[in-house]
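Welcome, and thanks for taking a look at this one with me. Here is a short briefing to read alongside the structure.

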Amino acid sequence: QKEHGIRLLDAQLASGGIIDPVTSHRLPIEVAYKRGMLDEEMTHMLSTPSDDNKGFYDPNTEETLTYQKLKDRCIKDDTTGVYLLPLSEKAVAMKPAYDEEQIKDTFKKTTVSVPAGTFTGKTVTIWELINSEYFTEEQRRDLIRQYRSGKVTVEKIIRIVITVIEEKEA
């Protein structure tokens, strides 16, 4: 039960912050702690990077980082407010570990039993799930990009997909 909650909170942090159940706004972890939404132990656990929440790849350094560490390396675009990661010449020239067809083929062959939502109890492919109502186009592209880099495994993609579905169904 606790591990499931931690996974959901990690997913919230990775996608913009802890969701305040009253206002539905995303909050930084420190604010969530100050408002009593998290206890000290949980705040420490979520603030301490571990291999489980290092799922974001920096092509410049070839490191796998937490969402926050990668965001810290980004530059905020003044016009759009979007955070962009400047790419080095080396990163631009890097050949992806997998091409589009390989990724699509792997995601269409990899099945998972979904514990919640529309697909409860059904065995479906990762491809079907990331192309379902649970994922935006941006989320789908991000998952494919992470996998393409070769730094995120199919197993990690499965964990992310299930966490997103469970979070949306909670």
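In which loop is the place of Glu-62? Glu-62 sits in the loop between strand S3 (56-58) and strand S4 (63-65). Please keep in mind that this is a predicted model.

**Overall form**

- The radius of gyration of the protein is 17 Å, which agrees with the value near 15 Å that a compact globule of 170 residues would have.
- Taken along the principal axes, a box of roughly 45 × 45 × 30 Å holds the C-alpha atoms of the protein.
- Of the 170 residues, 35% count as buried.
- If we take the contacts between residues at least 6 apart in sequence, 45% of them join residues at least 24 apart.

**Surface and charge**

- The accessible surface comes to about 10,600 Å², and carbon and sulfur atoms account for 52% of it.
- There are 24 positive and 29 negative side chains in the protein, with the centres of the two sets 2 Å apart.

**Nonpolar cores**

- As background, nonpolar side chains in soluble globular proteins tend to be buried together.
- Here the largest nonpolar core has 22 residues, and Phe-107, Leu-129, Ile-157 and Val-161 are those with the most contacts inside it.
- At least two residues of this core come from each of helix H6 (100-109), helix H7 (126-130), helix H8 (137-148) and helix H9 (154-169).
- H9 gives the most to this core, with seven residues.
- Apart from this core lies another one of eight residues, including Leu-9, Ile-18, Leu-38 and Met-42.

- Val-161 touches Leu-129, Ile-130, Phe-135 and Leu-143, if residues up to four places away in sequence are not counted.
- Ile-158 lies in helix H9, and with residues up to four places away in sequence left out, Ile-158 touches Thr-110, Val-112 and Ile-126.
- For a sense of scale, Ile-158 and Lys-168 are ten residues apart in sequence, and their C-alpha atoms are 16 Å apart in space.

**Two buried threonines**

- Thr-43 belongs to helix H3 (residues 40-47).
- The relative accessible area of Thr-43 is 13%, so Thr-43 is buried, the cut-off being under 20%.
- Not counting residues up to four places away in sequence, Thr-43 touches Ile-29, Tyr-33 and Leu-38.
- Thr-125 is found in strand S8 (residues 123-125), and because its relative accessibility is 12%, Thr-125 counts as buried too.
- Leaving aside neighbours within four places in sequence, Thr-125 is in contact with Phe-107, Lys-108, Thr-110 and Thr-111.

**Backbone angles worth a look**

- Most residues other than glycine have a negative phi.
- Ser-24 has a phi near 65°, a positive value in a residue other than glycine.
- Ser-24 lies in the loop between strand S1 (18-19) and strand S2 (26-27), and Ser-24 is exposed, with a relative accessible area of 55%.
- Glu-62, the residue from the opening question, has a phi near 60°, again a positive value in a residue other than glycine.
- At 33% relative accessibility, Glu-62 counts as partly exposed.

Key: Residues numbered from 1 in each chain as written. Predicted model: local features only at pLDDT ≥ 70, side-chain atom pairs only at ≥ 80, totals over all residues. Heavy atoms only, no water. Core = buried A, V, L, I, M, F, W, Y, C linked by side-chain atoms within 4.5 Å. Buried < 20%, exposed > 50% of the residue type's maximum accessible area, 1.4 Å probe, protein only. Helix = DSSP H or I, 4+ residues; strand = E, 2+ residues; numbered from the N terminus. Contact = heavy atoms within 4.5 Å. Rg over C-alpha atoms; globule rule 2.2 N^0.38 Å. Areas by Shrake-Rupley, 256 points an atom, 1.4 Å probe, with all protein chains shown as cover. Lys, Arg positive; Asp, Glu negative; His and termini not counted. Charge placed at Lys NZ, Arg CZ, Asp CG, Glu CD.
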